[in-house]
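Please look at the screen.

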Amino acid sequence: FYTEDELAPLFERPKVDPSAPGEYGKAYKVTDNSAEVKKLVKEGWDKHAFNHYVCQKISLHRSVGDKRDQECKVRKWRKPLPDTSVIIIFHNEAWCALLRTVHSVLENSPKILLKEIILVDDASTLSNLGKELTDYVAKLQIVKIIRLPSRAGLIRARLAGAQEAQGSVLTFLDSHCECAPHWLEPMLERIAEDNTRVVCPVIEVIDADTFAMSLTTARYTSENTGILSWSLGFNWAPRKINPGQPIKNDEALTSATMAGGLFAMSRKYFYHLGSYDNDMLVWGGENIEMSLRIWMCGGSLEIHPCSHVGHVFRKRAPYSHPGGSDVITHNNKRVAEVWLDEYKEQYYKRVPRARAVSYVEAGDLTARIKLRHDLKCRNFQWYITNIYPALYATPKEDILKGGEVLNNITSKYCLDSANPDGKVGVKMTMYVCHGMGVNQDFDLTRNGEIRHSYSKELCLQPSGNSIVTYDCVFPKKAVPPEQKWLLTQDGHIYHPDSNLCLTYNIHHLSAGLLKCVKQGTSQIWVFGHKDGYQEDYQVDVNANYTMDGLTANYTDQEVAYESTDQVDVI
Ligand code: UD2
Ligand code: MN
């Protein structure tokens, strides 16, 4: 085993006053309310999509503390571990974020294991990222910069960094990270034992406003795993823990997908497995592509609860996206076409815009299809069965109606789930029908569920007078009464359990439940409406069906919400 001395970093962290801003990962709150500071704060947010004023207040050498579980702290790391090149790509990153990332790597990685840090500048235009940065890192001995002549996007930028790397392991980081003590050794040990393992640290949240970084415990980590949705987005979900097999706090755990920015992988295996898809542009999709490729082609993907790295999560990208949102669709379409087999239909159903070739093209896929063939990768059905069995797709014949849920044919308003993270408990809203699927794609199943599975498999059920997203229970268990809906012949969406009907609340642009009224147009829906890019996903089933022997139960009364806002059913 390595001794503590052998694992000393190249640079010791300089002594920082423990009460200095942000020390030990503490939050820094701006107390100066002067107009001048307010202006600086606002400018910082506009430019970087995080609180740049706060970022600058905090030492580039701050400590984030060591809150690892005891099991991790006492762990010794077996000799020999491979060395690594840390690759940090950036486009117009703030100096404070970028350099804190660099220093945190230098001060928390063993000198003998850190071959080099490679900064890849993806054509930044901020003036201090030019010569000033070159001069600054020249003093840091093992830090190199690669300058890309034009904007390449994060995928190609990482490829450029990997090409220069000399270490036997490639460790990728975003340019706004902070490594916790001994973040590297656990990942390198897993790879030393088996170089087909790709290992991610636990990603801690660095608050974009206060730069607080909390370190979570292994328990939390073990309960979180990476998943994917049919729209090919990444998400976190609780891990199923087998009570008979308790999880050890220092044990690496598999994950179906990775977030994308932070991982370590044997350099040899990275190239063996086809590095990245060089035809993916700017941002997005590469993490799912790589996750599927790892699992389907013989490797494994893990999160190590002893390795912690913070990342600033931002609500928007601070940089331009050449090509707009179609770029992500282009990338995802490549993933669907190469890796999803017949399940690509599930993706196209949710993102119809991707299917229509004239809108978004995938480009030439020959090389990636050949790669999959040459590596003798397993099929997507194998991935579902073995790696992510919870990925459920309602069989087509069980979808009675699918697509938009339009409130009476003339309203132009559709049921909408503005819920990009696939959260539970999010209220349904109404929005102009856009025909693009995504937030407005719902399925009415033969079981009576209304499923929305854009970013996560969710079922609609009432909460008070509102309709919210909830975890689907089927197919694990029978559909509970609260998740059962009935589409009547005249277009009411009836909820037998509450004896109420889905109603468009025009004043709140929301959808709720009210007593069913026969003539109320705010209660008449077109389920499976199609427009614009929306393609036909109707199955030949008559909507006039009864469920569990129930039929809709009307009253002729006019009803109103119980709140002070009187909404008549019109
Ligand atoms: C997440 C990942 C990110 C990547 C992305 C999907 C984490 C914590 N982050 O997004 O690594 O997998 O999902 O593609 O898992 N950059 C460039 N050139 C560009 C655009 C971005 O170099 O054209 C850099 C950027 O400066 C940053 C990195 O790429 O260092 C990732 O970009 P981000 O931080 O905006 O992405 P994020 O964290 O939202
Ligand atoms: Mn990032």
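Start with a term: a residue is buried under 20% relative accessible area, exposed over 50%, and partly exposed in between, using a 1.4 Å probe and protein chains only. By that rule His 311, at a relative accessible area of 10%, is buried. His 176 is buried too, at 6%.

Two housekeeping sentences. This is a predicted model, where local features need pLDDT of at least 70, side-chain atom pairs count only at pLDDT 80 or more, and totals for chains, interfaces and linings use all residues. Residues are numbered from 1 along each chain as written, chains are lettered from A and ligands numbered from 1 in written order, and side-chain values use heavy atoms, without hydrogens or water.

Now the metal. Asp 174 (OD), His 176 (NE2) and His 311 (NE2) coordinate the manganese ion, ligand 2, at 2.2 Å. Donors here are N, O and S atoms within 2.8 Å of the metal, or 3.2 Å for Na, K and Ca; water is not among the atoms, so sites may look incomplete. Along the sequence, the donor residues are spaced D-x1-H-x134-H. His 176 sits in the loop between β4 (169-173) and β5 (177-179), and His 311 in strand β11 (residues 300-312), so the pair ties together parts 135 residues apart in sequence. Strands are DSSP runs of E, at least two residues, numbered from the N terminus.

Which ligand atom does His 176 approach? A polar side-chain atom of His 176 lies 2.9 Å from an oxygen atom of ligand 1. For Glu 286, the distance to an oxygen atom of ligand 1 is 2.5 Å, again from a polar side-chain atom.

Technical notes:
Helices (H or I, at least four residues) and strands (E, at least two) are DSSP runs, numbered from the N terminus. A polar contact is a pair of N or O atoms within 3.5 Å; within protein, one must be able to donate a hydrogen and the other to accept it, and residues adjacent in sequence count only if both atoms are side-chain atoms.
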